[in-house]
Amino acid sequence: MTMKASSRQVDGVMIVDLSGRITLGEGSVVLRDTVKDLSTQGHKKILLNLGNVTYIDSSGIGELVSAYTSVRNAGGELKLLNLTKKVHDLLQITKLYTVFDIQDDEASAISAFNR
Amino acid sequence: MNATRVSYTLESTLASVNKAEQAATEAAAKSGFDEDECGRIAMAVREAAVNAVLHGNRYDPNKRVTVCFQTTPDALTVAVRDEGQGLDPATVPDPLAPENLLKQSGRGIFLIRAFMDEISFRSLSPGTEITMIKFVRGPGRDGNKEANQ
């Protein structure tokens with residue numbers, strides 16, 4: 001299954017709805033290009049909705065980390081929304097659960113950006 | 001003891017990584033692992049295949065990746081072999097170390113160790129073989145695994 005990404009803006013936050021697999025190859029590239037485009041357009045508040053992401057491998061995890069650091073280095077913030085149990089477990093095993101700001105619902109996530 | 005052995009010789013491509021993952025899912029299911037365990041085993045095999053294709057064979061069309069599944073009533077054993085320059089697992093940095101936490105790569109072998117019960121590396125000439133074992137759950141083994149955590 002290929003990965004899809006679509007973006008929408010809510011209260012100044014760019015929400016990227018991701019679906020499918022974030023793995024080495026196409027999935028990782030889609031995520032990288034999407035975040036890069038948003039950063040280039042000047043967006044500083046990016047929320048990745050992973051609710052429909054069915055699978056992430058180590059390359060996908062690396063891509064999430066890369067997105068996080070590139071947005072942060074550009075003076076922005078990147079948060080994660082709606083982790084599935086599998087993705088949650090992976091981030092916990094890799095100790096990245098404490099690195100990312102992880103949100104469970106969209107309204108709270110948007111509020112967290114605008115605090 | 002009954003043992004079933006299936007072997008795949010694959011090209012050094014991303015399609016082969018997906019093939020190895022799919023074959024692992026099927027082999028794990030046949031071994032009787034539940035859905036979550038099948039997913040973890042498949043991810044471990046996928047990571048090993050990625051290492052073989054990407055870091056071992058470096059997508060070289062003249063080099064092959066071999067993935068071998070051996071199923072016994074006690075365990076599923078998977079060996080992934082490449083024809084690359086070789087790998088010293090001792091030199092792989094700890095991805096949980098604070099200085100490595102935000103690195104983009106370097107988590108593959110860590111995940112394999114996390115998801116499989118035993119792993120070992122063997123140097124070939126040329127190449128590397130990683131062997132991963134997942135034991136079919138039994139009362140004694142569950143106890144041992146918990147004791148080791």
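**Architecture and contacts of chains A and B**

In the predicted model, 17 residues of chain B are in contact with 15 residues of chain A. On the side of chain B that touches chain A, at least two residues come from each of H1, H2 and helix H3 (108–115) of chain B. The most is given by H2(B), which supplies five residues to this side. By residue class, the side of chain B that touches chain A comprises 10 nonpolar, four polar and three charged residues.

The fold of chain A is considered next. Its secondary structure consists of four helices and five strands. Read from the N terminus on, the elements of chain A follow the pattern β-β-α-β-α-β-α-β-α. The radius of gyration of chain A is 13 Å, close to the 13 Å given by the globule rule for 115 residues, so chain A is as compact as a globular protein of that length. The C-alpha trace of chain A spans about 30 × 25 × 25 Å along its principal axes.

The five strands of chain A form an open sheet with the order E1-E2-E3-E4-E5, in which the pairing is mixed. At the edges of this sheet stand strand E1 (4–10) and strand E5 (101–103) of chain A, each of which pairs on one side only. From one strand to the next, the twist averages 25°. Strand E4 (residues 77–81) of chain A pairs with E5(A) in the parallel sense, over three bridges. Within this arrangement, A:Leu81 has A:Gln103 in E5(A) as its bridge partner. Helix H4 (residues 106–113) of chain A packs on the sheet and touches E1, strand E2 (13–22), strand E3 (45–56), E4 and E5 of chain A. The direction of H4(A) makes about 165° with that of E4(A).

Two further helices of chain A pack against each other. Helix H1 (residues 26–40) and helix H2 (residues 58–73) of chain A have axes 9 Å apart and pack at an angle of about 10°. As angles under 35 degrees count as roughly parallel, H1(A) and H2(A) are therefore roughly parallel to each other. On H1(A), the contact is made by A:Gly27, A:Ser28, A:Leu31, A:Arg32, A:Val35 and A:Ser39. On H2(A), the contributing residues are A:Ser59, A:Gly60, A:Glu63, A:Ser66, A:Ala67, A:Ser70 and A:Val71. The residues of this contact divide into four nonpolar, seven polar and two charged. Elsewhere in chain A, the loop between helix H3 (85–93) and E5 contains A:Lys95. Phi of A:Lys95 is near 65°, which is a positive value in a residue other than glycine.

Chain B also contains an open sheet of five strands, here in the order E1-E2-E3-E5-E4 and with antiparallel pairing. Its edge strands are strand E1 (4–11) and strand E4 (118–123) of chain B, and each pairs on one side only. The twist in this sheet averages 15° from one strand to the next. Strand E2 (residues 64–71) and strand E3 (residues 75–81) of chain B are joined by six bridges in the antiparallel sense. In this pairing, B:Val78 of E3(B) is the bridge partner of B:Phe69. The loop between E4 and E5 of chain B holds B:Pro126, and the peptide bond from B:Ser125 to B:Pro126 is cis, with omega near 0°.

Helices H1 and H2 of chain B both lie across strands of the sheet. Helix H1 (residues 14–30) lies across E1, E2 and E3 of chain B and runs at about 5° to E2(B). Helix H2 (residues 35–56) lies across E2, E3 and strand E5 (128–135) of chain B, running at about 15° to E3(B). The axes of H1(B) and H2(B) come within 8 Å and cross at roughly 150°. Because angles over 145 degrees count as roughly antiparallel, H1(B) and H2(B) are therefore described as roughly antiparallel to each other. Their crossing is right-handed. Among the residues that make the contact are B:Val17, B:Ala20, B:Ala24 and B:Ala28 of H1(B), together with B:Ile41, B:Val45, B:Ala49 and B:Val53 of H2(B). The contact of H1(B) with H2(B) is made up of 12 nonpolar, two polar and three charged residues.

Methods:
Residues are numbered from 1 along each chain as its sequence is written. Chains are lettered from A and ligands numbered from 1 in the order in which they are written. This is a predicted model: local features need pLDDT of at least 70, side-chain atom pairs count only at pLDDT 80 or more; totals for chains, interfaces and linings use all residues. Two strands pair if DSSP finds at least two bridges between them. Axes are lines fitted to C-alpha atoms, for helices over the stretch in contact, and angles run from 0 to 180 degrees between N-to-C directions. Two residues are in contact if their C-beta atoms, placed from the backbone, lie within 7 Å. Angles under 35 degrees count as roughly parallel, over 145 as roughly antiparallel, 65 to 115 as roughly perpendicular and the rest as oblique. A crossing is left-handed if the near helix is turned anticlockwise from the far one by less than a right angle, and right-handed if clockwise. Ala, Val, Leu, Ile, Met, Phe, Trp, Tyr, Cys and Pro count as nonpolar, Asp, Glu, Lys and Arg as charged, and the others, Gly among them, as polar. The radius of gyration is taken over C-alpha atoms; the globule rule is 2.2 Å times the number of residues to the power 0.38.
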